[in-house]
Amino acid sequence: PPPLVALVLAGGMWGLARVAPSLGLDFAIRVPVAVAIALAGLAFDFSGLLAFLRQKTTVNPLKPERATSLVTGGVYRFTRNPMYVGMLLFLLAWGVYLDCLPAFAGPVLFVLYMNRFQIGPEERVLREKFGAPFEAYMGEVRRWL
């Protein structure tokens, strides 16, 4: 599941931060910046989740075939994957907090992994299930931001 992927990457980022040199950012600056980025991530996550719950469709990313409706309103007008954007922002916030340049490989790996192994397969299922409306939506709204 995507949250597990993000958690594993966060652990790897922490490990890198233990052995790689610090960027030297002041703690008093990086903590508020990290908190602000994390709060933005939380907003994306909850907005996406609430939109799915309002439409009474599945939130299980491992079972996209269970989707009962195509959610295109709210935060889904800006990104097709707000919950994944939220996880990415959490990883970016963690990287800022860790103050370690190599740790930023985590968010990059997250995007690459999600595009290949999660979002691509989800899009194939949704394309089959919703057809032209999903194709039109893909043409109007970006995958990330």
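1. At 46% relative accessibility, Phe 27 counts as partly exposed; buried means under 20% relative accessible area, exposed over 50%, and partly exposed in between (1.4 Å probe, protein chains only). Tyr 97 is also partly exposed, at 35% relative accessibility.

2. This is a predicted model, in which local features need pLDDT of at least 70 and side-chain atom pairs count only at pLDDT 80 or more, while totals for chains, interfaces and linings use all residues. Residues are numbered from 1 along each chain as its sequence is written, and side-chain values use heavy atoms, with hydrogens and water left out.

3. The structure holds six aromatic pairs. Rings of Phe, Tyr and Trp (its six-membered ring) pair if their centres lie within 6.5 Å; planes under 30 degrees apart count as stacked, over 60 as edge-to-face, and the rest as tilted. Phe 27 and Tyr 97 form an edge-to-face pair, with 6.3 Å from centre to centre and 65° between the planes. Phe 27 lies in helix H2 (residues 27-55) and Tyr 97 in helix H3 (residues 82-98), so the pair ties together parts that are 70 residues apart in sequence. Helices (H or I, at least four residues) are DSSP runs, numbered from the N terminus.

4. Another edge-to-face pair is formed by Phe 110 and Trp 144, at 6.3 Å centre to centre and 70° between the planes. Phe 110 is in helix H4 (residues 105-130), and Trp 144 is in the segment after helix H5 (132-140), so this pair links distant parts of the chain, 34 residues apart. Both Phe 110 and Trp 144 are buried.

5. Ring pairs link Phe 27, Trp 94 and Tyr 97 into a cluster. Arg 30 lies over the face of Tyr 97, at 5.7 Å from the ring centre. A charge sits over a ring if NZ of Lys or CZ of Arg is within 6 Å of the ring centre and within 35 degrees of the ring normal. Arg 116 is placed over the face of Phe 117, at 5.1 Å from the ring centre.

6. Which residues of H2 are buried? Among them are Arg 30, Ala 34, Gly 41, Phe 44 and Asp 45. The buried residues of H2 pack against H3 (contact means heavy atoms within 4.5 Å).

7. Just after H2, Lys 56 takes a positive phi of about 55°.

Technical notes
Helix = DSSP H or I, 4+ residues; strand = E, 2+ residues; numbered from the N terminus.
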